[in-house]
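Please find below my notes on the model that you passed on for comment. They are set out as numbered points and are meant to be read beside the coordinates.

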Amino acid sequence: MDAKEISLEEKKVKPVVDHLNDLLANYHIHYQKLRGCHWNVKGQSFFTLHVKFEELYTEALTTIDELAERILTLGKPPYSTFNDYITTSTLKEIDTIGMKDTDMVKALIDDMATLIEMERQLLDITADAGDDGTNDMVNRFMQFKEKNTWMLRSFVNED
């Protein structure tokens, strides 16, 4: 498939796909971090955070699938190996075993800030490419994280 089949210019789509793949790699690291937090949270906030982390990793998994499918829609292959994710991602893995619950939340807030920044850059790139479909999708991802960043910051009294 070629981007022209959905009325987009091939040369303008390349930077969109490159940035989507970068975002996809970062989401995979973020997703695994969320899973680790979900599995390893302990303490008085267990019941609250266990449920919240599950909500966040479920949304992240859906986002990962949408990103990969959008890349395919644009006629290119999505990254699909752990090596791709680890070498491409600016987010770094962390060991959540024994991690304090508030430190977990702060790590996720940092991840979300990075992802939001990447998404804002991608919105400019998709606007330049006339790619409203990707723009709408990424904007939705960003809005979800913006709201959840506020909630998590409130949880750790950083609002």
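The points below go from the basis of the model to its helices, core and aromatic pairs.

1. Basis. This is a predicted model, in which local features need pLDDT of at least 70 and side-chain atom pairs count only at pLDDT 80 or more, while totals for chains, interfaces and linings use all residues. Residues are numbered from 1 along each chain as its sequence is written, and side-chain values use heavy atoms, with hydrogens and water left out.

2. Annotated region. An unreviewed UniProt entry lists residues 18-157 as "domain: Ferritin/DPS"; UniProt positions are given in the numbering used here, feature names are shortened, and annotations may be inferred rather than shown by experiment. Over residues 18-157 the chain is 79% helix and 0% strand, with the end C-alpha atoms 36 Å apart. Helices (H or I, at least four residues) and strands (E, at least two) are DSSP runs, numbered from the N terminus.

3. In soluble globular proteins, nonpolar side chains tend to be buried together.

4. Leu-24. This residue belongs to helix 1 and counts as buried because its relative accessible area is 1%, where buried means under 20%, exposed over 50% and partly exposed in between (1.4 Å probe, protein chains only). Leaving aside neighbours within four places in sequence, Leu-24 is in contact (heavy atoms within 4.5 Å) with Ile-64, Leu-67, Ala-68, Ile-71, Pro-78 and Tyr-79. Leu-24 and Ile-71 are 47 residues apart along the chain, and their C-alpha atoms are separated by 9.6 Å.

5. Aromatic pairs. The whole structure contains 4 aromatic pairs, a term for rings of Phe, Tyr and Trp (its six-membered ring) whose centres lie within 6.5 Å, with planes under 30 degrees apart called stacked, over 60 edge-to-face and the rest tilted. One of them joins Tyr-27 and Phe-141 edge-to-face, at 6.4 Å centre to centre and 65° between the planes. This pair links distant parts of the chain, since Tyr-27 lies in helix 1 (residues 10-40) and Phe-141 in helix 5 (residues 132-155), 114 residues apart. Tyr-27 is buried at 3% relative accessibility, and Phe-141 is buried with a relative accessible area of 3%. Phe-46 and Phe-47 form another edge-to-face pair, at 5.2 Å and 80°; here Phe-46 is partly exposed at 25%, whereas Phe-47 is exposed at 70%.

6. Surroundings of Tyr-27. Not counting residues up to four places away in sequence, Tyr-27 touches Ala-60, Thr-63, Ile-64, Leu-67, Leu-115, Glu-119, Phe-141 and Lys-145.

7. Helix 5. This helix has 24 residues and reaches 35 Å from its first C-alpha to its last, close to the 34 Å expected at 1.5 Å a residue, the expected span being 1.5 Å times one less than the number of residues. Its buried residues include Thr-134, Met-137, Phe-141, Lys-145 and Leu-152, and what covers the buried residues of helix 5 includes helix 1, helix 2 and helix 4. Asn-157, which follows helix 5, has a positive phi near 55°.

8. Ser-45. Ser-45 lies in the loop between helix 1 and helix 2 (46-73) and is buried at 16% relative accessibility. Beyond four places in sequence, Ser-45 touches His-50, Asp-101 and Phe-155.
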